[in-house]
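Subject: Model handover

Hello,

Please find the model below. My notes on it follow.

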Amino acid sequence: MKKYFRELSVVAALGAVLLGLAMFAPAFFQPQPLLSLVTREAPTLVVACGMALVIIARQIDISVGSQFSVCSVCAGLLAARGWPLVLVLPASALLGASLGAINGLLVAGLRLPSIVVTLATMVTLRQGLNLFRQGEFVNMPDKFQWLGLSQSGGQWTLVGAAFALLIVLGLAMRHVAAGRFVYAVGTDAEAARLAGIRPGRVTFLVFIFIGALTGLAAIMNIVQSPQVQPLSGAGLELKVIAAVVVGGVAISGGRGNLWGAFAGLLLLACVSPALTHLHIEAYWEKAIQGAIILLAVVADGVRSRKESRG
Amino acid sequence: MPPAPLLELRRLVKSYGGVRALRGVDFNLHAGEVHALLGENGAGKSTLIKTVTGAHAPSSGEIVIAGESVSGLTPTTARALGIACIYQQPALFPDLTVVENIALRLEAGATLRRLDWRARKVRAMELLARIGAAIAPDAEVRSLSMPEQQLVEIACALGAGARIVIMDEPTASLTQKEQHLLFAVVRELRGSGVGVIYISHRLEEIFALADRVTVLRDGESVGTHAVGDINEAGLIKLMVGREVAQIYPASESSAGEVVLSVREVGCRASGVHAVTFDVRAGEVFGLSGLVGAGRTELARVLFGLTPADTGEILLNGERVAISSPQNAVAHGIAYVPEDRRRHGVVLDLPIAHNMTMAIHPRIFPGAWLRFGAERSLALEFIRDLAVKCAGPDAPGGSLSGGNQQKVSLARWLATKPKLLILDEPTQGVDVGAKSEIHRIVRRLAKDGLAVILISSDLPEVIGMSDRIGVMGGGSLRAILPGKSDPHVVMAAALGTAEKGAA
């Protein structure tokens, strides 16, 4: 219980918000709008899973938004050319993984700080895409809409896929040796090296992993609308980093888990519809989200100070 | 009556927690004198310097500077009183020029004052000229050699009007020629009335340079002598001078097959040269030497952290290339590192995770973690090594130093190694845990493990080892039998084997 205190406190906060909504705005719980909300957040959840891994490994990747945009547009173009979904999906994941590999190579290979490397790739990818597409939208073939299923069928599939991925990864972080390597490297890379783990390789793979997940998430996003926006991923990096940090993953690495990241994402995602349902001005949304992030960071700071005092 | 000494320490005591690092040291330094300070690792030299430079406040005792008692010394007031310390690794800003570095040390004033670049440069050149250093004032410090950087430090000290200059092993990383340059500067300082406290492990330097020498041992001064009145053997006797009082578990094993055979192994990057020795199964091979002798560096070569570039390493008679830690582990080599707080135990992770960290492929086939297996392995080691802890799930950080060391040891024993390298295994652990670790090491040797024991604790390395390799300057200077006379070991470490052994 004590071990998961941080995660449980986020769940409690989420519960309080939901309870408040149930009392003052029961309309929030109408099945169809709620499903739509969750579906919209499904791609974010997938990227957040990857971000949790990256941050646990004591790195950060702020280029995921740009990777997401690039994957979305490229996948859209392939689809428009008549590629079937079964090929577009792996192609997008592969493209994301290659973009992640560039980050990983620079961070692990040349030992550059990940914030600078991914800042550079973020800008490069975004502006490259702008130059290449000049802001043009890509029209998707109809058969891609909702994966070729009915709307609710597609929604359920996307949500189910995102949850399945979360559960598999969340369990893997605890039950597969590789997961523990990520924690070990994030806590103390030199100690990990002395124990025979290769911190560089772990870092490299983590960046590839988040890239592949981002490619996957891009597909989950473009099947939700008839057109691909050229910069659909703008701001995604901040959203997922915020979710992960609110969920108790320490920005200093080695701490936290995917369950917390999931709870953090839900908490932040609830803010906007909650405001709408409570008839509060939408301007409050960012301010409230910011306050939640601040609260989480302060809580972590207080906790680690307490611990270091012994 | 002679003038009052420049610096006088009276009954200086410094305790850290319960440990008394200085136990009432008397010391004095006159103007125009080079006073050498000598002592084993941990004899209290660094602590003494830290109290004089104001980095640490003494617990009791008096510091008298030029006849005036000073209390509440801080680094700032110490500098104002003319005390300067030149460390082994110069603390300069590598990206700034020599002029800027000197100016940063010497200038004071408002944050928004105007900087007079010309005056800065003139002063820097004057100071450099005073110590006869041919260094371009506009050069970036990064581009200077180590001795040149030390000269810049000395120039800073002079510029600050230092009357007392402390030099902490200034020649440790210098070549012979650079040493002579530095000696000339020291003599010049002496000539101009500066008092120099000179710390070095190299006896020949002390005889060449110093006027008087004080030997510290276990936080006490065991005598001050004029250099002319004492010889090397006498100094060594003063430094060691204590009996091996502690009782060490007797060796119960007879040495078996040669496990590790090191032939002319060197590594240029870490300064290890042509080291040759064997370690047999069931044997504890001690590695002694002073700080910077190259013992940890040798261990890192054997563990593949800085792979050897010359010579060969044989394991069980077969030539192996150890290019990485993974490689070393695969060959049955285990290394319990020196600084366990930093690299041995991951403090945030539970004890059980720490213990299985090096054996994932074996204990978790197919990469699936099996918590049952991990837990039972952890419990076994906790019982076996008597680790005092709340349980296998307690984080590493919750343990005492000695118990952390046991966890670190367990991680490597779990790999079932053939060769175990222990780097300062009892550093910073309490007496009880220390003798427990000694018993564990003995038992492991009895079970047929080949053990390399690196220790700066002279009685420990002598008491625990079947044979003792003594290192100095990156090479193995001597291999001595266990239970050797501490004087002989110290003499070998200081590089005066022939004379010292007499």
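For the notes on the interface, two residues are in contact if their C-beta atoms, placed from the backbone, lie within 7 Å. This is a predicted model, in which local features need pLDDT of at least 70, side-chain atom pairs count only at pLDDT 80 or more, and totals for chains, interfaces and linings use all residues. Residues are numbered from 1 along each chain as its sequence is written, while chains are lettered from A and ligands numbered from 1 in the order in which they are written.

Interface

By that contact rule, 19 residues of chain B touch 18 residues of chain A. On the chain B side, the elements that give two or more residues are helix 10 (325–330) and helix 11 (340–344). Helices here are DSSP runs of H or I with at least four residues, strands are runs of E with at least two, and both are numbered from the N terminus. Helix 10 of chain B gives the most to this side, with three residues. By type, the chain B side divides into twelve nonpolar, five polar and two charged residues; Ala, Val, Leu, Ile, Met, Phe, Trp, Tyr, Cys and Pro count as nonpolar, Asp, Glu, Lys and Arg as charged, and the others, Gly among them, as polar.

Gly344(B) lies in helix 11 of chain B. Leaving aside neighbours within four places in sequence, Gly344(B) is in contact with Ala191(A), and within chain B with Val336(B), Pro337(B), Gln404(B) and Ser408(B). Gly344(B) counts as buried because 27 other C-beta atoms lie within 10 Å. The cut-offs are 20 or more other C-beta atoms within 10 Å of the residue's own for buried, 12 or fewer for exposed, and partly exposed in between, with C-beta atoms placed from the backbone.

Confidence

The model scores ipTM 0.70 and pTM 0.74. pLDDT is the predictor's confidence in each residue, from 0 to 100. Chain B has a mean pLDDT of 85, and 95% of its residues reach 70 or more. Among the elements of chain B, strand 18 has the highest mean pLDDT (94) and helix 19 (residues 497–501) the lowest (41). Over residues 497–502 of chain B the pLDDT is below 50, and this stretch has 16 contacts in the model beyond near neighbours in sequence.

Chain B

Chain B is divided into domain 1 (1–82 + 163–241), domain 2 (90–161) and domain 3 (258–501), with bounds that come from an automatic or database domain assignment. The centres of domain 2 and domain 3 of chain B, taken over C-alpha atoms, are 43 Å apart.

Strand 17 of chain B (residues 419–423) is mostly covered, with five of its five residues buried. In a regular strand the side chains alternate between the two faces of the sheet. For strand 17 of chain B, Leu419(B), Ile421(B) and Asp423(B) are on one side, Leu420(B) and Leu422(B) are on the other, and all are buried. Two strands pair if DSSP finds at least two bridges between them. Strand 16 (residues 333–336) of chain B runs parallel to strand 17 of chain B and is joined to it by four bridges; Ile333(B) stands opposite Leu419(B). Five bridges join strand 17 of chain B to strand 18 (residues 450–454) of chain B, again in parallel, and here Leu420(B) stands opposite Val451(B).

Leu287(B) lies in strand 13 (residues 284–288) of chain B. Leu287(B) is buried because there are 26 C-beta neighbours inside 10 Å. Beyond four places in sequence, the contacts of Leu287(B) are Arg295(B), Ile452(B), Leu453(B), Ile454(B), Gly469(B) and Met471(B).

Chain A

Chain A has twelve helices and two strands, in the order α-α-α-α-α-β-α-α-α-α-β-α-α-α along the sequence. Its radius of gyration is 19 Å, which agrees with the value near 19 Å for a compact globule of 310 residues; the radius is taken over C-alpha atoms, and the globule rule is 2.2 Å times the number of residues to the power 0.38. The C-alpha trace of chain A spans about 60 × 50 × 35 Å along its principal axes. Buried residues make up 49% of the 310 residues in chain A. Of the contacts in chain A with a separation of 6 or more, 80% are between residues 24 or more positions apart.

Helix 10 of chain A (residues 236–246) has ten of its eleven residues buried, so this helix is largely enclosed by the rest of the structure. The buried residues include Leu236(A), Glu237(A) and Lys239(A). Gly248(A), whose phi is positive, near 95 degrees, follows helix 10 of chain A.

Regards
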